[in-house]
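Please look over the sequence and the model first; the notes on confidence, layout and packing follow.

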Amino acid sequence: QSDPECKLMVASLKSGGEGLTLTAASNVAFVEWGWTPKEVTQGVGRINRFGQNATSVNAWHIVAEGTIDDDVIGLIQAKS
């Protein structure tokens with residue numbers, strides 16, 4: 001939060017989506033998917049907060065092909 005040299009946060013949805021308000025972060029990469037659309041939205045919402053220092057926020061969800069995340073993404077999209 002206070003290191004100006006840090007350009008990217010890599011986090012799980014659990015660690016990045018609960019209890020953190022990252023107004024200094026403008027880039028985050030999530031390395032997992034939650035089981036519900038709310039978990040994904042909450043994770044992205046932690047960096048897109050009041051007091052955000054950046055003019056834009058970027059969130060990436062890293063998915064390895066052929067993993068269970070392929071199925072999870074389909075479930076999340078169906079639930080949305």
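Two residues are in contact when they have heavy atoms within 4.5 Å of each other. On that basis, residues 24 or more positions apart account for 58% of the contacts in the chain with a separation of 6 or more. The model is predicted, and its mean pLDDT is 75.

**Confidence**
- Of the residues in the chain, 76% reach a pLDDT of 70 or more.
- Strand 3 (residues 58-61) has the highest mean pLDDT among the elements, at 83.
- The lowest mean pLDDT among the elements, 64, belongs to helix 1 (residues 13-17).
- Where pLDDT is low, predicted coordinates should not be read in detail.

**Layout**
- Three helices and three strands are present in the chain.
- Along the sequence, these elements follow the pattern β-α-β-α-β-α.

**Nonpolar core**
- The largest nonpolar core has eight residues in all: L13, V28, F30, W33, V40, V72, I73 and I76.
- Strand 2 (27-30) and helix 3 (68-79) each supply at least two residues of this core.
- Helix 3 gives the most to the core, with three residues.
- Apart from neighbours within four places in sequence, I73 is in contact with W33 and V63.
- In soluble globular proteins, nonpolar side chains tend to be buried together.

**Burial and surface**
- The chain has 80 residues, and buried residues make up 29% of them.

Technical notes: Residues are numbered from 1 along each chain as its sequence is written. Side-chain values use heavy atoms; hydrogens and water are left out. pLDDT is the predictor's confidence in each residue, from 0 to 100. Helices (H or I, at least four residues) and strands (E, at least two) are DSSP runs, numbered from the N terminus. A nonpolar core is a set of buried Ala, Val, Leu, Ile, Met, Phe, Trp, Tyr and Cys residues joined through side-chain atoms within 4.5 Å. Buried means under 20% relative accessible area, exposed over 50%, partly exposed in between (1.4 Å probe, protein chains only).
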